[in-house]
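This report covers one protein chain, from overall fold down to single residues. The sequence and structure come first.

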Amino acid sequence: MSDEAEMVQRGIGVLTATLSWQPDDPASAQMFKESLRALVRLDDPVSISFSGGTPEQTEVLRELLPKVVESVIGALAPDYTRLVLGMATGFKAVADAYQRDVPESDIEGILQAAALHLAEDE
């Protein structure tokens, strides 16, 4: 599966986890947070490649770049987390309203079908 498709699959996973999230229930909120951590995976390893330069420059870049990338990810993580949480909150409100209006709807089934369709396209 391509990296792009995997990220879309993770997004569908976040939306699926959102369906069972009840913000007023501490156990549900904790489960949702754990699901987000597992699906978003901000700690995935980062691979960096470069070419050219002297052997000394290459060695400095090998030591320095992972630290720079880690710092950038660390700086962006809070904003990224808030963005994902905001989208999940909006999705939950829409899904709950749809479920109220169309009680026989299968929102989890819709998300599952989207994930399967994406996997088939790969």
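## Fold and contacts

In this predicted model, 62% of the contacts in the protein chain between residues at least 6 apart in sequence join residues at least 24 apart. The protein chain holds 4 helices and 0 strands. From the N terminus on, its elements run α-α-α-α. Of its 122 residues, 21% count as buried. The accessible surface comes to about 8,700 Å². Carbon and sulfur atoms hold 60% of that surface.

## Helix α1

Helix α1 spans residues 3-19, 17 residues in total. From first C-alpha to last, α1 reaches 25 Å, close to the 24 Å expected at 1.5 Å a residue. Its buried residues are A5, Q9, R10, I12, G13, V14, A17, T18 and L19.

## A surface patch and a buried serine

V60, L64, V68, V72 and L76 form a nonpolar patch on the surface. Together they have about 420 Å² of accessible area. V60 is found in helix α3, residues 55-101. An α-helix has 3.6 residues a turn, so residues three or four places apart point the same way.

S105 lies in the loop between α3 and α4 (107-121). The side chain of S105 reaches the backbone oxygen of V102 at 2.8 Å. Leaving aside residues up to four places away in sequence, S105 touches Y98 and Q99.

| Residue | Relative accessibility | Class |
|---|---|---|
| V60 | 51% | exposed |
| S105 | 12% | buried |

V60 counts as exposed because exposed means over 50% relative accessible area. S105 counts as buried because its 12% is under 20%.

Conventions: Residues numbered from 1 in each chain as written. Predicted model: local features only at pLDDT ≥ 70, side-chain atom pairs only at ≥ 80, totals over all residues. Heavy atoms only, no water. Patch = residues over 30% accessible without salt bridge, like charges linked within 9 Å, V, L, I, M, F, W, Y side chains within 5 Å. Areas by Shrake-Rupley, 256 points an atom, 1.4 Å probe, with all protein chains shown as cover. Salt bridge = Lys/Arg side-chain N within 4 Å of Asp/Glu carboxyl O. Helix = DSSP H or I, 4+ residues; strand = E, 2+ residues; numbered from the N terminus. Buried < 20%, exposed > 50% of the residue type's maximum accessible area, 1.4 Å probe, protein only. Polar contact = N/O pair within 3.5 Å; in protein donor to acceptor, adjacent residues only side chain to side chain. Contact = heavy atoms within 4.5 Å. Expected span 1.5 Å × (residues − 1).
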